[in-house]
Amino acid sequence: MDRLMSDEAMDRILIIDDDEINRELLDNIFSAYYLIDKAENGKIGIDRIEADPDRYSAVLLDAMMPVMDGLEVLRRMEKDGLRNVIPVFLITAEASTDVTREAYELGVMDVILKPVVPYLVLKRVNSIVELFRARKRLRSRVRMQESELIKRARRIAELNRGMITALAAAIEFRNGESGEHVSRIHDITEIILRNTKLGDGLTEEEIMNISLASIMHDVGKIAIPDYILSKPGRLTSEEYDIMKTHTTKGAQLLETIHELRGSEVYSYACDIARHHHERWDGRGYPDGLKGDEISIWAQIVSLADVYDALSCKRVYKDAFPREKVISMIRNGECGTFNPQLLQCFFSVEDKLSRMYEN
Amino acid sequence: MDKQRSEMLYESGVDVNDALARFMGNEALLEKFLLKFCSDKNYSELKDAALRRDVDGMIRTSHSLKGMCGNLSMPKLFGLFTDQLTALRSGKTEDALRLMPQISEEYDKVVKSIKKS
């Protein structure tokens with residue numbers, strides 16, 4: 001047998017039997033194929049198993065023993081969570097008794113009749129040990145593949161976010177802002193969804209997708225001429241009309257990205273790009289949606305956008321102090337918002353304000 | 001093991017070939033346990049227990065002897081201890097006690113032939 005090659009490659013079995021002849025017989029049968037430990041009763045046996053369960057590939061267990069019998073050993077193994085971890089073979093003189101039935105119920109793999117027939121017991125034990133070994137190998141391979149897949153998926157998600165952020169940041173640069181604005185919108189959206197009831201019913205994945213989609217809310221600005229986008233003063237009404245088209249143009253742009261259409265992020269991204277300037281009172285653009293007609297994520301990004309614009313310096317304004325930002329939002333100076341949204345927003349505003357501390 | 005000893009053992013009630021198969025052909029190990037069987041205390045303890053009509057003591061020793069006779073391929077003794085154990089466990093103590101002379105006869109025969117070398 002090839003398994004005879006080295007100690008390391010050899011499995012070890014534990015023989016628990018009070019009868020010396022039985023122990024020696026089994027030892028004599030198995031010692032060519034396995035390393036052997038022996039115990040003279042159930043108590044000594046279970047102590048050895050509990051001390052190092054990984055040590056044994058199988059346990060040969062006598063049913064009737066003084067101090068602690070076979071069933072008691074099985075019950076202890078069950079309690080230790082070792083059932084089906086180490087295969088146990090019950091060695092007994094009587095096949096069809098309550099003891100055998102209970103032993104099967106406690107998870108023994110097979111019952112071996114005494115006096116033992118060597119080739120039979122050897123064959124049965126080998127088969128089961130091989131089965132357990134194959135199962136263990138398979139399990140560890142699956143675990144390895146799983147963690148590899150998770151790592152790869154995470155890598156792809158990071159890459160996606162990176163590319164989307166790069167695109168959005170490139171657009172931001174045109175009106176003299178760094179890419180930090182889109183990153184903050186992402187974080188504000190995520191914080192609100194994660195920490196308030198507005199995120200109730202959303203899965204972890206949906207929250208991640210919505211936050212990713214929020215990064216793309218202003219992609220339509222790529223279609224707005226520089227002189228409007230970077231104008232420090234007030235826009236004329238014609239200019240403002242053009243400016244407003246960044247919502248519809250953003251949604252159109254996203255529709256043309258074939259790869260995005262197949263992704264979970266797509267519908268959120270289009271919705272947010274098109275509707276992040278709608279207003280709760282119906283006076284927003286481009287569709288004049290009102291109240292709950294506006295999705296909650298579009299509402300969140302809308303408020304996040306206002307909050308971030310007020311808290312930072314822009315071409316047309318300086319940064320406002322925190323108190324002023326809060327009071328302007330609360331008093332409706334920057335648009336009307338869903339009261340429930342405002343309540344949730346203020347409950348996490350303390351956390352959000354820390355993004356602007358530097 | 002020479003043929004003569006093997007035949008003598010067989011006649012006295014030890015199925016040597018069957019036993020050797022169980023011991024994977026390991027004659028030394030078989031001889032070791034045949035000798036151990038002769039000096040094993042269970043037999044004298046069974047006789048004492050029978051005199052005292054100690055049922056628990058009889059069950060314990062008869063069970064051990066049955067196991068040994070099974071492993072050492074002594075079909076007659078194995079059968080006798082099996083019957084005795086069944087009787088004891090179903091409360092038929094008299095039946096179990098009645099088997100004692102026959103058990104002793106077979107036991108002495110086997111031990112005598114094992115000890116002869």
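**Note on charged contacts in the predicted model**

1. K136(A) is exposed, its relative accessible area being 55% (exposed means over 50%, buried under 20%, and partly exposed in between, with a 1.4 Å probe and protein chains only). K136(A) sits in helix 5 (residues 118-174) of chain A, helices being DSSP runs of H or I with at least four residues.

2. This is a predicted model, in which local features need pLDDT of at least 70 and side-chain atom pairs count only at pLDDT 80 or more, whereas totals for chains, interfaces and linings use all residues. Side-chain values use heavy atoms, without hydrogens and water, and residues are numbered from 1 along each chain.

3. Chain A is divided into domain 1 (2-143) and domain 2 (175-356), with bounds from an automatic or database domain assignment; their centres, taken over C-alpha atoms, are 66 Å apart.

4. Over all chains there are 43 salt bridges, each a side-chain nitrogen of Lys or Arg within 4 Å of a carboxyl oxygen of Asp or Glu. R184(A) pairs in this way with D308(A), the closest N and O atoms being 2.5 Å apart; the pair links helix 6 (residues 180-195) with helix 13 (residues 296-311) of chain A, 124 residues apart. R184(A) is buried at 14% relative accessibility, and D308(A) is buried at 0%.

5. R76(A) and E50(A) form a salt bridge at 2.9 Å, N to O; R76(A) lies in helix 3 (residues 70-79) and E50(A) in helix 2 (residues 42-51) of chain A, so the pair ties together parts 26 residues apart in sequence. E50(A) is partly exposed at 30% relative accessibility.

Technical notes:
Chains lettered and ligands numbered in written order. Helix = DSSP H or I, 4+ residues; strand = E, 2+ residues; numbered from the N terminus.
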